Each structure stands twice: as structure tokens, then as C-alpha cells.
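Subject: Structure handover

Hello,

I am passing this structure on to you today.

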Amino acid sequence: MQNKAAIESIRKDLQSAGFSDVKVVAESFVVQAKSKDGNPVVMTIGPHGMSVFEA
């Protein structure tokens with residue numbers, strides 16, 4: 001289980017920086033890896049799907 005104090009701190013810091021509608025999703029992961037062809041990728045994996053960003 002994620003630390004509730006850390007989640008609230010992240011939310012407040014982002015809101016202070018001007019972000020709105022901030023949602024910290026439980027049971028989510030940010031993964032850094034390299035694709036088959038060696039390019040770096042960042043993946044976000046959560047309960048509602050997955051996103052992949054290739055550099």
C-alpha cells in the first residue's frame with residue numbers, strides 16, 4: 001500500500017505548481033526500459049491501461 005502522506009504531499013506540490021485535477025493513482029507503476037531496438041522508453045501501467053513513450 002502506498003504511503004498516504006506521500007501521496008498527499010505529491011498532490012499538494014503539483015497543485016502549488018499550477019496543476020489542477022491532480023489524481024495520484026494507486027497500484028500504478030512507472031517503468032523505464034529499452035525497446036527491442038535499443039531505444040529508451042517510459043511506460044505508465046495502471047488499473048485503467050498502459051501508456052508508452054519512446055524517446
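Below is what was found, taken element by element. Please keep in mind that this is a predicted model.

The helix

Start with H1, which covers residues 4-16. H1 has 13 residues. From its first C-alpha to its last, H1 reaches 18 Å. That is close to the 18 Å expected at 1.5 Å a residue. Just after H1 comes Gly18, which takes a positive phi of about 105 degrees.

The salt bridges

How many salt bridges are there by the rule used here? The count comes to two.

One joins the side chains of Arg11 and Glu8, with 3.2 Å from N to O. Where do these two residues sit relative to each other? Both belong to helix H1, three residues apart, so about one helical turn separates them. Arg11 is partly exposed, at 22% relative accessible area. Glu8 is also partly exposed, and its value is 31%.

Another salt bridge links Asp21 with Lys23. Their closest N and O atoms are 3.0 Å apart. Are Asp21 and Lys23 buried or exposed? Asp21 is exposed, and Lys23 is exposed too.

The sheet

Next, the strands. Three of them make an open sheet in the order E1-E2-E3, and the pairing is antiparallel. Strand E1 (29-34) and strand E3 (49-54) stand at the edges. Each has a single partner strand, so one side of each is left without a neighbour in the sheet. On average, neighbouring strands of this sheet are turned by 20 degrees against each other, direction ignored.

Look at E1 and E2 now. Strand E2 spans residues 40-46. E1 and E2 pair in the antiparallel sense, over six bridges. Phe29 stands opposite Ile45 in E2. Val31 faces Met43 of E2 across the pairing. Gln32 stands opposite Val42, again in E2. E1 and E2 form a hairpin with five residues between the strands. In that hairpin, Gly38 takes a positive phi near 90 degrees.

How well is E1 covered? Hardly: among its six residues, the count of buried ones is zero.

Then take E2 and E3. E2 and E3 also pair in the antiparallel sense, over six bridges. Val42 has Phe53 as its bridge partner in E3. For Ile45, the bridge partner in E3 is Met50.

His48 lies in the loop between E2 and E3. Is His48 buried or exposed? His48 is exposed, with a relative accessible area of 81%. Val22 is 26 residues away from His48 along the chain. The C-alpha atoms of His48 and Val22 are separated by 16 Å.

Last, the largest pocket. About 290 Å³ of space lies in it. Its lining is made of 16 residues. Which of them are closest to the centre of the pocket? They are Lys23, Val24, Val25, Ser28 and Val30.

Which elements supply at least two residues each to the lining? H1, E1 and E2 do. E2 gives the most, with three residues.

Best wishes

Methods
Residues are numbered from 1 along each chain as its sequence is written. This is a predicted model: local features need pLDDT of at least 70, side-chain atom pairs count only at pLDDT 80 or more; totals for chains, interfaces and linings use all residues. Side-chain values use heavy atoms; hydrogens and water are left out. A salt bridge is a side-chain nitrogen of Lys or Arg within 4 Å of a carboxyl oxygen of Asp or Glu. Helices (H or I, at least four residues) and strands (E, at least two) are DSSP runs, numbered from the N terminus. Buried means under 20% relative accessible area, exposed over 50%, partly exposed in between (1.4 Å probe, protein chains only). Two strands pair if DSSP finds at least two bridges between them. Axes are lines fitted to C-alpha atoms, for helices over the stretch in contact, and angles run from 0 to 180 degrees between N-to-C directions. The expected span of a helix is 1.5 Å times one less than its number of residues. On a 1 Å grid over the protein atoms alone, a cavity is a set of points where a 1.4 Å probe fits but cannot get out, and a pocket is an open set with protein on both sides within 12 Å along at least five of seven lines; lining residues have an atom within 4 Å of a point. Grid points are joined across faces, edges and corners, and a volume is the space filled by probe spheres set on the points.
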